[in-house]
Amino acid sequence: YTSLFVGSVRCVQETGINAEYMGNHNLIWRLQNACFLDIHKKSRLLFALEQRLQLFQQVFCQKKLLYWCFTPKKVHNSSRANKSKIYTKCGDKGYSTLFDGTSLPKNSPYFCTLGTIDEVNSFIGYAIEHCLNEKVKHTYIRQLEITQMTLLDVGATIADPIDLNAKASATTFSSDHVQKLESWIDEIDDNLPQVRSFIVPSGGLAATSLHICRAVTRRAERCLIELALTHPLDPNLQPYLNRLSDYFFTIARHVTHAGKH
C-alpha cells in the first residue's frame, strides 16, 4: 500500500497537481509509521488511503496517465529500490504534522514538548554509556532502557491528539508506568540516607549525566503543563514526567554513593 501510494503521489506532483494541498505527505508519513498505531488507527488510516487512491484514479484517468503511473520504471539504484529516504522536505517551511494530520508550526507547544522529551531520551542514552563505564556494576541500567522505550510511548500519546468527537479512542498512556517508577524509587531510596540539604549536581560522570536527565525532564514537564492548558491530554502523562524526574534524582544519589564520590 505504501509503495503504491508513494508512486501515485509522485505522479500527481509531476503532472503539476498540488499534492501538498491533498495532504499526501502526511499520509505517506503515517503509512510508513503505521506499525506504531493501534488497530483503530490502522483501520482509519487504510480507509483514508482507499479514499485517496480513488481520487488519484479519477485524476489519472482524466490525464490519461493511469497506464504510465502503474507501469514498472527502470530503477537506477537497486539498493534504494524499496527504501524510503530519511528526508521528506515536508518541514522545510517550518511546519510539521501530528498523527491526526493536523499541521502546526514547529515551535508550537506540541512540538516543543515532543522535542524536549526527545532530549530526555537522548540524555538517558548518554547516561547509560557513562554508567556502563563505571567500575561499580549497576543493576538499574535495564530500568533506564525501559524508560527510553516508555518515553517513545509518551511521545506517541502526545502526538495523537484527543478527539472528543471520535468514536475510536485515542492513543492512551497507562498509569502502570507511573506505579512502576514509584516502585523503583522506593526500592532505591530504602538504601539511601535521608536527604537533609540541597544536592549539588555532581558525583562523577554517571551521576552528573543522570542529574542532566532530571533537569531536562523538569523542562519537559513544564512544556507539557503549558500544552495541557489549551489542549486535552492523557491524565497519566503529567504524573509520569513528575515521577520520572524524582527517579533520576534518586538514581543519581545512588550512583554517587555507590561510587563513593
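Reader: How many of the residues of the protein count as buried?

Author: In this predicted model, 37% of the 261 residues of the protein count as buried.

Reader: Which elements make up the protein, and in what order do they run from the N terminus on?

Author: The protein has 9 helices and 2 strands, and from the N terminus on these elements run α-α-α-α-β-β-α-α-α-α-α. As for contacts with a separation of 6 or more, 71% of them are accounted for by residues 24 or more positions apart.

Reader: How are two packed helices described?

Author: Two packed helices are described by the angle between their axes and by the distance between the axes. Here, helix H6, which covers residues 141-159, and helix H9, which covers residues 237-258, have axes that come within 12 Å and cross at roughly 155°. Because angles over 145 degrees count as roughly antiparallel, H6 is roughly antiparallel to H9. The crossing in which H6 passes H9 is left-handed.

Reader: Which residues make the contact of H6 and H9?

Author: From H6 come Gln-143, Leu-144, Thr-147, Thr-150, Leu-151, Val-154, Thr-157 and Ile-158, while H9 brings Leu-237, Tyr-240, Leu-241, Leu-244, Tyr-247 and Phe-248. Sorted by kind, the residues of this contact are 10 nonpolar, 4 polar and no charged.

Reader: Which residues of the largest nonpolar core touch the most other members?

Author: That core has 43 residues, and those touching the most other members are Leu-151, Ile-158, Leu-210, Tyr-240, Tyr-247 and Phe-248. At least two residues of the core are supplied by each of helix H5 (109-132), H6, helix H7 (176-189), helix H8 (205-228) and H9.

Reader: What does Leu-210 touch, leaving aside residues up to four places away in sequence?

Author: With those residues not counted, Leu-210 touches Ala-127, Cys-131, Tyr-140 and Leu-144, and also Phe-248, Ile-251, Ala-252 and Val-255.

Reader: Does a residue such as Ile-188 count as buried or exposed, and where is its place?

Author: The place of Ile-188 is in helix H7. Since buried means under 20% relative accessible area, Ile-188, at 10% relative accessibility, counts as buried.

Reader: Which residues does Ile-188 touch, not counting those up to four places away in sequence?

Author: Ile-188 touches Gln-143, Tyr-247, Thr-250, Ile-251 and His-254. For one of these, His-254, the C-alpha atom is separated from that of Ile-188 by 7.1 Å, although the two residues are 66 residues apart along the chain. Two others, Gln-143 and Tyr-247, also belong to the contact between H6 and H9.

Key. Residues are numbered from 1 along each chain as its sequence is written. This is a predicted model: local features need pLDDT of at least 70, side-chain atom pairs count only at pLDDT 80 or more; totals for chains, interfaces and linings use all residues. Side-chain values use heavy atoms; hydrogens and water are left out. Axes are lines fitted to C-alpha atoms, for helices over the stretch in contact, and angles run from 0 to 180 degrees between N-to-C directions. Helices (H or I, at least four residues) and strands (E, at least two) are DSSP runs, numbered from the N terminus. Angles under 35 degrees count as roughly parallel, over 145 as roughly antiparallel, 65 to 115 as roughly perpendicular and the rest as oblique. A crossing is left-handed if the near helix is turned anticlockwise from the far one by less than a right angle, and right-handed if clockwise. Contact means heavy atoms within 4.5 Å. Ala, Val, Leu, Ile, Met, Phe, Trp, Tyr, Cys and Pro count as nonpolar, Asp, Glu, Lys and Arg as charged, and the others, Gly among them, as polar. A nonpolar core is a set of buried Ala, Val, Leu, Ile, Met, Phe, Trp, Tyr and Cys residues joined through side-chain atoms within 4.5 Å. Buried means under 20% relative accessible area, exposed over 50%, partly exposed in between (1.4 Å probe, protein chains only).
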